[in-house]
Amino acid sequence: MFISNANVTERKDLGHNIVLLKLFSPEIASRINPGEFLNIKVSENSFPLLRRPFSVCDVEDESIYIMFHIAGEGTRLIASKQIGGALDIIGPLGKGFNFDDDFETAVFIAGGIGAAPFPYLKKKLNGKRIRSFIGGRSKESIIEYGFENIQIATDDGSRGFHGNVVQLFKNEYPNIQNEKIKLFACGPTPMLKAIQEFALEQNINCEISTECAMACGFGICQGCPIESTKNENQYSLVCKDGPVFNAKDVVLK
Ligand SMILES: Cc1cc2nc3c(=O)[nH]c(=O)nc-3n(C[C@H](O)[C@H](O)[C@H](O)COP(=O)(O)OP(=O)(O)OC[C@H]3O[C@@H](n4cnc5c(N)ncnc54)[C@H](O)[C@@H]3O)c2cc1C
Ligand code: FES
């Protein structure tokens, strides 16, 4: 784990309050894996006090990318950084996706800004077949950046399948179930819960990238518990044992 004063070297506004930043941090770029995250100090003074967590979106040479939705004050401050500015980041943090197991097709299921970790995961899956299912409330909230072989679902029917992304995946599942698939999902908790239920029911290998409010980001404050199925009354920590978990290992609420 490193603390890095990372310069912003590229900034892209992807529209609809989504921003992509490229940060120069050779120490973190050379060590971070898909699904792991960074904890970013958002201001020079003490407000907001807590760092904000962001998945690594991509890595290129000695730089890392983050992609984020401007949700409140912290993300607004990060979004205000211009090229040449610097951010205080801690990383790599957490446990990311495991892609060493035996599968032929990686199925990405992303809801809204849950699209963020997939460009780097895709890069690391070099050679595997990829199918991407992307969902959002409306066509404005669909993020296609870094995906391939895409199918889209919108809650309001403004683009693609009219319904949620898990329904779309369930409809398509009979066509791809013989491909030896592994699911990788990231998005809002209700979406993760629905995909977890289906994966367990159908016995599909599935990993989910979970989200919760965090403070320290590395296992000290005990502020990010998630119920574990491994032992009764046991909890895992999202920041240290996750954020990526096998779907069978945690209980989503
Ligand atoms: C491991 C991890 C990885 C993440 N990766 C990304 C990413 O790649 N891109 C991205 O845009 N966001 C990501 N998030 C969520 C991001 O950290 C929050 O959106 C951010 O902290 C909000 O800060 P803020 O000060 O702008 O908003 P706040 O003022 O703190 O909150 C604004 C709104 O966002 C909601 N919110 C705050 N934190 C979270 C959270 N952790 N999960 C869900 N809702 C939240 C609040 O309930 C509130 O409604 C990630 C969260 C975790 C735990
Ligand atoms: S955020 Fe402190 S233990 Fe997880």
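Predicted model: local features only at pLDDT ≥ 70, side-chain atom pairs only at ≥ 80, totals over all residues.
Residues are numbered from 1 along each chain as its sequence is written, and chains are lettered from A and ligands numbered from 1 in the order in which they are written.

**Domains and their contact**

The protein is divided into domain 1 (2-93) and domain 2 (105-251), with bounds that come from an automatic or database domain assignment. Their C-alpha centres lie 22 Å apart. Across the boundary, 20 residues of domain 1 are in contact with 21 residues of domain 2; contact requires C-beta atoms, placed from the backbone, within 7 Å. On the side of domain 1 that touches domain 2, β3 (37-40), β4, β5 (58-60), β6 and β7 (86-93) each supply at least two residues, and β6 gives the most, with three residues. Helices (H or I, at least four residues) and strands (E, at least two) are DSSP runs, numbered from the N terminus.

**Ligand 1**

Ligand 1 is surrounded by 22 residues, and the closest are F68, G72, G74, T75 and A116; a residue is near a molecule if its C-beta atom, placed from the backbone, lies within 6 Å of it. The elements giving two or more residues to this shell are β4 (52-55), β6 (63-69) and α2 (73-79). Domain 1 and domain 2 each contribute at least three residues to the shell.

Ala, Val, Leu, Ile, Met, Phe, Trp, Tyr, Cys and Pro count as nonpolar, Asp, Glu, Lys and Arg as charged, and the others, Gly among them, as polar.

| Side of domain 1 that touches domain 2 | 13 residues | five residues | two residues |

The largest nonpolar core has 69 residues, of which I66, I109 and I195 touch the most other members. Such a core is a set of buried Ala, Val, Leu, Ile, Met, Phe, Trp, Tyr and Cys residues joined through C-beta atoms within 7 Å; buried means 20 or more other C-beta atoms within 10 Å of a residue's own, all placed from the backbone.

Strand β7 is largely enclosed by the rest of the structure, because six of its eight residues are buried. β7 pairs in the antiparallel sense with β1 (residues 2-15) over six bridges and with β3 over three bridges; pairing requires at least two DSSP bridges. I3 stands opposite I90 in β7, and I40 stands opposite I89.

Conventions:
Contact = placed C-beta atoms within 7 Å. Buried ≥ 20, exposed ≤ 12 C-beta atoms within 10 Å, placed from the backbone.
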